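Visitor: I'd like to learn how to read a protein structure, one feature at a time. Could you walk me through one?

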Amino acid sequence: MQTQRKICLIEDDDIMGESLADRFDLEGFSHDWHRTGAAALTALRLRDYALVISDIRLPDMTGDVLFEQLLTEQRSLPPFIFITGHGDIDTAVRLLKRGAQDYITKPFDLDALIDKIHGIVAPEDASGTGSLGCSPVMRQIEAMLPRLAASAASVLITGESGVGKERVAQALHQLTGADKPFIAVNCGALTESLLEAELFGYEKGAFTGAVRTKKGVFEQAHGGTLLLDEIGDMPLSMQVKLLRALQERCIVRVGGETPIPVDIRLVCATHQVLQEAVIRGDFREDLYYRINVVELRIPPLRERSEDILPIAQHLLAEIADASGKPPPGLTPAAEHAIKAYRWPGNIRELKNTLERASLMSDGRSISHDILFDRPAPPLSGQLDMAGSLRDYLNECERDFIVHALDGCQWQIQCCADSLGISRKNLWEKMRKLEIVKGSDAD
């Protein structure tokens, strides 16, 4: 039976349950909400879920009893994420050893939970090619693609190297017809003479080595999409020829004389700021306006941290699929390190890092200390790495409270209200976690 992209939520607290259900709706996740373990057991026996999120404390049974009961039935279980209070952490750790996916402690960061969910299950409204990301800016770009697909407008995709510009171009192409050709060429990787032959093709005998007639990428992409990557690196003389081809919608092969009509959707990409290149005289202004009917700017990973973990999970699955092995998981400390690092090389650097870490890991999980081939970025300003899962969770909670206190200028009542806990509870946490004003300044 095919697994449904639906979340099973098991939570008897109405306020927490409504908060989670509302956020799932906003994120596009289909879900069933069960308030008792018995109701959840019945549902889990009748249908497949992509993920189960369960409170450990339920009115009729505990979450660990529910999990153990399903295990004894020798069912193929979906991933389980347990919601726990500090008093139930030992139970949660035992559940991890029994096969649970993860756990979160109250009060938890809802955005962090959504990041975990995106790494496991795709939203219902995601396209068949896969979501571009869960950050607001990538969702906005993804929402624009169907409108762009319905028009013939040229699209310019900008952003730093490695941010996934070609992936966005492919997503646009999929919406215009996956059965049509998608051809990409890197304009900065070829000399001028080679680039002209690559774009427009050549006739037999046009130059030394031209032993046969060859179609260029314009002809190869006829009826489909042509991606001109790094168009900002194209020589000025080639820009003139490209502009003519775009205006006339036909090309002439090198060494040929016959105009050949071409029907393409043009997508260009560059890491350069073309407006500045136009001012410098390195890029033709008329070509700039021809290719820049619509511009899509892809932000670097450091500006969309919500996308980092889902992209990492997707890359790990691809790496594992290529090797024929199950994908390794990321330890909580490794997840923290991945989100904390700024990734100057963006997705390309992330993929390289995960490929190396997959080779160095035991095959089951990737830990924080083997994630980087250089000294790993610290988990915070206090600890260089998590000595245990409990230490890691305490540190995350400590950092969260310190940032909340900073946001409230260390006004205890204000901070307690923002965290949704009592003033006494906040004082107890500060004492337990040794939070003192002045010692935690950045």
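Guide: Let's begin with a term we'll need: a salt bridge is a side-chain nitrogen of Lys or Arg within 4 Å of a carboxyl oxygen of Asp or Glu. Keep in mind that this is a predicted model. Here Glu160 and Arg302 make such a pair, with their closest N and O atoms 2.4 Å apart.

Visitor: Where in the chain do Glu160 and Arg302 sit?

Guide: Both are in loops. Glu160 is in the loop between strand 6 (155-158) and helix 7 (165-177), while Arg302 is in the loop between strand 14 (294-297) and helix 13 (308-323). The pair links distant parts of the chain, 142 residues apart.

Visitor: And how accessible are Glu160 and Arg302?

Guide: Glu160 has a relative accessible area of 29%, so it counts as partly exposed. Arg302 has 32%, so it is partly exposed too.

Visitor: How many salt bridges are there by this rule?

Guide: The count comes to 17. Let's look at another one: Glu335 pairs with Lys116, the closest N and O atoms being 3.0 Å apart. Glu335 belongs to helix 14 (residues 332-340) and Lys116 to helix 5 (residues 110-118), so this bridge ties together parts 219 residues apart in sequence.

Visitor: How far apart are Glu335 and Lys116 in space?

Guide: From C-alpha to C-alpha, 9.5 Å.

Visitor: Are Glu335 and Lys116 buried or exposed?

Guide: Both are buried. For Glu335 the relative accessible area is 11%, which is why it gets that label: the cut-off for buried is under 20%. Setting aside neighbours within four places in sequence, Glu335 touches Leu309, Gln313 and Leu330 as well as Lys116.

Visitor: Can you show me a pair where the two partners get separate labels?

Guide: Take Arg94 and Asp64, whose closest N and O atoms are 3.1 Å apart in a salt bridge. Arg94 is in helix 4 (residues 89-98) and Asp64 in helix 3 (residues 63-72), 30 residues apart. Arg94 has 36% relative accessibility and so counts as partly exposed. Asp64, at 14%, counts as buried.

Visitor: Which residues are linked in a network of salt bridges?

Guide: Lys6, Asp32 and Arg47 are.

Visitor: Let's move on to the inside. What should I look for there?

Guide: The general idea is that in soluble globular proteins, nonpolar side chains tend to be buried together. In this model, the largest nonpolar core has 31 residues. Those with the most contacts inside it are Leu199, Phe218, Leu226, Leu228, Ile231 and Ile291.

Visitor: Which elements build that core?

Guide: Several helices and strands give two or more residues each, including strand 7 (182-186), helix 8 (192-200), strand 10 (225-229) and helix 12 (285-291). Helix 10 gives the most, with 5 residues.

Visitor: One last feature: what about backbone angles?

Guide: Most residues other than glycine have a negative phi. Now look at Asn346, in helix 15 (residues 346-360): its phi is near 60°, a positive value. Asn346 has a relative accessible area of 0%, so it is buried.

Visitor: And what is phi for Trp410?

Guide: Trp410 also has a positive phi, near 60°. Trp410 lies in the loop between helix 16 (389-407) and helix 17. At 15% relative accessibility, Trp410 counts as buried.

Methods: Residues numbered from 1 in each chain as written. Predicted model: local features only at pLDDT ≥ 70, side-chain atom pairs only at ≥ 80, totals over all residues. Heavy atoms only, no water. Core = buried A, V, L, I, M, F, W, Y, C linked by side-chain atoms within 4.5 Å. Buried < 20%, exposed > 50% of the residue type's maximum accessible area, 1.4 Å probe, protein only. Helix = DSSP H or I, 4+ residues; strand = E, 2+ residues; numbered from the N terminus. Contact = heavy atoms within 4.5 Å.
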